[in-house]
Amino acid sequence: MINKAHASFSVKVNGKVFTIDYDDILFFETSPNVHKISLHCKNRQMEFLGKMKEVEKEVDGRFYRCHRSFLVNKDNIREIDFQNRVIYMVNEEQCLLSFRMMRGLKQLCRQSGSPQAENPAKQDPSLQFHKT
């Protein structure tokens with residue numbers, strides 16, 4: 001569940017409800033456990049029942065579906081390696097970037113004003129992604 005007034009995500013895990021600020025969320029990942037999603041935060045990780053499509057509909061525009069298995073918080077991306085299709089988060093965790101979703105992420109980088117993203121012909125495969 002989303003609390004839009006406070007920009008936080010509420011999740012029920014083992015009968016307890018946790019409310020996590022969007023700023024603390026790094027990414028959501030499909031779990032190897034059936035019907036579960038792993039929520040990766042800056043200082044913890046938890047698993048809950050749900051579907052990635054439902055989470056994607058609930059969260060706001062700062063989240064980007066970069067892969068079938070990953071929904072990343074763009075504000076917590078440290079670096080994007082387009083050549084190897086890997087996203088590095090601020091805590092060094094990694095997310096996969098699908099070939100299909102790469103174009104949309106490159107456009108977001110251009111919109112963020114990244115100098116490397118302005119000229120795609122000279123673009124470094126490893127691109128810093130920071131909002132200023």
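**Entry 1. Order of elements**

What pattern does the protein chain follow, read along the sequence? I read β-β-β-β-β-β-α-β-β-β-β-β-α-β. That makes 2 helices and 12 strands in the protein chain. Helices (H or I, at least four residues) and strands (E, at least two) are DSSP runs, numbered from the N terminus.

I noted the ground rules before going on. This is a predicted model, in which local features need pLDDT of at least 70 and side-chain atom pairs count only at pLDDT 80 or more, while totals for chains, interfaces and linings use all residues. Residues are numbered from 1 along each chain as its sequence is written, and side-chain values use heavy atoms, with hydrogens and water left out.

**Entry 2. Confidence**

I looked up pLDDT, the predictor's confidence in each residue, from 0 to 100. The protein chain has a mean of 85, and 80% of its residues reach 70 or more. Which elements have the lowest and the highest mean pLDDT? Strand 1 (residues 2–3) has the lowest, at 48, and strand 4 (residues 25–30) the highest, at 98. I also marked residues 115–126, where pLDDT stays under 50. For that stretch the model has 21 contacts beyond four places in sequence; contact means heavy atoms within 4.5 Å.

**Entry 3. Whole chain**

I checked how much of the chain is covered. Of the 132 residues in the protein chain, 42% are buried. Buried means under 20% relative accessible area, exposed over 50%, and partly exposed in between (1.4 Å probe, protein chains only). The protein chain exposes about 8,100 Å², and carbon and sulfur atoms supply 47% of that area. Accessible areas come from the Shrake-Rupley method with a 1.4 Å probe; for residues, only the protein chains shown count as cover. Among contacts with a separation of 6 or more, 40% are between residues 24 or more positions apart.

In what order do the 5 strands of the open sheet stand? I found 6-5-4-8-7, with antiparallel pairing. Strand 6 (45–49) and strand 7 (63–67) stand at the edges with a single partner strand each, so one side of each has no neighbour in the sheet. Neighbouring strands of this sheet are turned by 20° against each other on average, direction ignored. Such angles run from 0 to 180 degrees between N-to-C directions, with axes as lines fitted to C-alpha atoms, for helices over the stretch in contact.

Next I followed strand 7 to strand 8 (residues 70–73): the two run antiparallel and are joined by 4 bridges. Two strands pair if DSSP finds at least two bridges between them. F63 has N73 in strand 8 as its bridge partner.

Strand 2 (residues 8–13) pairs with strand 3 in the antiparallel sense over 6 bridges.

D81 has V86 in strand 10 as its bridge partner. Here the hairpin has 4 residues between the strands, and R85 in the turn has a positive phi of about 55°. R85 counts as partly exposed because its relative accessibility is 36%. Strand 9 is mostly covered, with 4 of its 5 residues buried.

**Entry 4. Two loop residues**

Most residues other than glycine have a negative phi. H35 has a positive value, near 65°. H35 lies in the loop between strand 4 and strand 5 (36–41). Is H35 buried or exposed? At 58% relative accessibility, H35 counts as exposed.

I then went to D23, in the loop between strand 3 (16–21) and strand 4. D23 counts as partly exposed, at 47% relative accessibility. Which residues does D23 contact, leaving aside neighbours within four places in sequence? They are K42, R62 and N76. D23 and N76 are 53 residues apart along the chain, and their C-alpha atoms are separated by 7.6 Å.

**Entry 5. Helix 2**

Last, I looked at helix 2 (residues 99–111), where M102, L105, L108 and C109 are buried. These residues are on the same side of helix 2 because they cover an arc of only 125° around the axis. The arc is that of the directions from the helix axis to the C-beta atoms. On the other side of helix 2, R100, R103 and Q111 are exposed.
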